[in-house]
Amino acid sequence: MKRLLKNGTIINPAAGQKTVGDVLFEDGKILSVGETITATDGVEVIDVTDCYVTPGLIDMHVHLREPGQEAKESMTTGTQAAAAGGFTRVATMANTTPVIDDLVTFNGVKERARAEGRVKVDIIGAVSKNLEGRVLSDMGDLALAGAVAFSDDGHYVESADFMRRAMEYADTYGKMIIDHAEDWTMAAQGFMHEGKVSTALGVVGRPRAAEDIAVARDILLAEMTGAHIHIAHVSSAHAVELIRAAKQRGVRVTCEVTAHHLALTDAEIKNYDAAFKVAPPLREEDDRQALLAALADGTIDAIVTDHSPHADEEKDVPFCCAPNGMSGLETSLAA
């Protein structure tokens, strides 16, 4: 059946287009795009005034929680949320139970995505066994099976030498390392950004320097090895400056920012609301403005959700006891 979307704001990045117009499609295929398309007999007309009409969005950083954490999210519910938010392709992280660090687990997730996924699902393999930063995962097998990248997201790879070897090995398969850049020796005891708000609340903070130090180290390793490092969920103004300078030197570094780091600051936590407890933490307004500027000038390469759902009872606890993470697939484009 033919359907006609009328009066939508059409966003077409490939053509540099942002205009109000109509889109005619049939059986999932676009037939025409124009300023005004006249509906013929048998065409269903859908008024999308004040709505955006875009190609399917891609989110390269989500946590679909399978296997082992289905009380938080499942392949079915997670990909339904993605579709509701406008995403037609997502990449899911490896910090599941068990960790996606071998071929058996990878193939199990791949089959679940094929059977239950409402959108396309790519899989990111772990850098290290059990995310411990001591023994490499089965990177070669995972890469050949279709892993799109490698990440110990949620954990910082503390050993610089181990990270170097991981980057070199991943690069032999043309894969990048996605880096959770927070020096854990500085951040492990903190629950939110270290600043005026944390001091007022009496909550131990995580200084932005923990992120800056980790970003600096791994940029230097990328420069040394020639491998591709991708900085996940950048949140610090100084980290952005480090990435910008590295790009200007020709280092193979890219980065992403979350929708919530673009939209929110640590001021949201003034009532100890655990819904806003994330890692890296929401930072200050100066950081948020630096992220917006870096997005505008191309220093930041992608916006992600870092969709990290938890069961209600896990978040409905005292602030410092709650896990890090928030859901974002259904709200990030609007944010």
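**View 1. A right-handed β-α-β unit built from S13, H8 and S14.** In this predicted model, strand S13 (residues 229-231) leads through helix H8 (residues 237-249) to strand S14. Helices (H or I, at least four residues) and strands (E, at least two) are DSSP runs, numbered from the N terminus. "Right-handed" means that, with the strands pointing away from the viewer, the path from the first strand over the helix to the second runs clockwise. Local features need pLDDT of at least 70 and side-chain atom pairs pLDDT 80 or more, while totals for chains, interfaces and linings use all residues. Residues are numbered from 1 along each chain as its sequence is written, and side-chain values use heavy atoms, leaving out hydrogens and water.

**View 2. Strand S14 and its partners.** S14 runs parallel to S13, joined by 3 bridges, and parallel to S15 (residues 302-304), also through 3 bridges; strands pair if DSSP finds at least two bridges between them. Look for His230 bridging to Thr254 and for Thr258 opposite Val304.

**View 3. The enclosed strand S14.** Because 6 of the 6 residues of S14 (residues 253-258) are buried, the strand is largely enclosed by the rest of the structure. Buried means under 20% relative accessible area (exposed is over 50%, partly exposed in between; 1.4 Å probe, protein chains only). Val253, Cys255 and Val257 point one way, and Thr254, Glu256 and Thr258 the other.

**View 4. Buried residues of helix H8.** Here you can find Ala237, Ala239, Val240, Ile243 and Ala246, which are buried. Their cover includes H7 (208-225), S13, S14 and H10 (285-296), counted by contact (heavy atoms within 4.5 Å).
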